[in-house]
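I opened this notebook to record what I looked up in the structure shown below. The entries follow the order in which I consulted it.

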Amino acid sequence: MTAGERDPGLQPERTRLAWRRTTLSCTVAAVLAVRQTLHGGATGAGIVALSLSALAWVGFLWVANRRVQSMGGARPRPMEAGGALMAAACVVALAVFAAAMLF
């Protein structure tokens with residue numbers, strides 16, 4: 001290996017796996033939201049919360065997919081602030097909508 005090359009080791013792979021685990025967790029939360037809405041009887045507020053949860057889930061999937069794809073290079077770039085903010089907003093939105101479905 002020459003001095004200019006970088007040995008990324010396993011860090012990019014660990015980061016990809018972490019994004020996949022987080023995506024799986026968001027998917028489970030979205031599926032539980034569907035179950036909660038259908039189990040309790042579909043009300044107007046429940047359908048709105050479910051729709052917003054689905055939108056937040058799709059937004060998170062989009063951010064996660066972009067990040068996993070960007071980790072493929074030998075020297076991945078740091079995550080942009082907008083992507084990190086969107087991922088955090090989607091996770092918080094899923095939590096808020098899930099709480100709204102319970103009440």
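**Helix packing**

I looked up helix 2 and helix 3 and found that they pack at an angle of about 155 degrees, their axes 9 Å apart. Axes here are lines fitted to C-alpha atoms over the stretch in contact, and angles run from 0 to 180 degrees between N-to-C directions. Helix 2 is therefore roughly antiparallel to helix 3, a term for angles over 145 degrees.

**Basis of the model**

I note that this is a predicted model, in which local features need pLDDT of at least 70, side-chain atom pairs count only at pLDDT 80 or more, and totals for chains, interfaces and linings use all residues. Residues are numbered from 1 along each chain as its sequence is written, and side-chain values use heavy atoms, with hydrogens and water left out.

**Overall make-up**

Buried residues (under 20% relative accessible area, 1.4 Å probe, protein chains only) make up 25% of the 103 residues.

**Core**

I then looked up the largest nonpolar core and found twelve residues, including Trp 19, Ala 56, Cys 90 and Leu 94. Such a core is a set of buried Ala, Val, Leu, Ile, Met, Phe, Trp, Tyr and Cys residues joined through side-chain atoms within 4.5 Å. Helix 1 (11-39), helix 2 (44-70) and helix 3 (81-102) each give two or more residues to this core. Leaving aside neighbours within four places in sequence, Ala 56 is in contact with Cys 90, Ala 93 and Leu 94.

Definitions and conventions. Buried < 20%, exposed > 50% of the residue type's maximum accessible area, 1.4 Å probe, protein only. Helix = DSSP H or I, 4+ residues; strand = E, 2+ residues; numbered from the N terminus. Contact = heavy atoms within 4.5 Å. Parallel < 35°, antiparallel > 145°, perpendicular 65-115°, else oblique.
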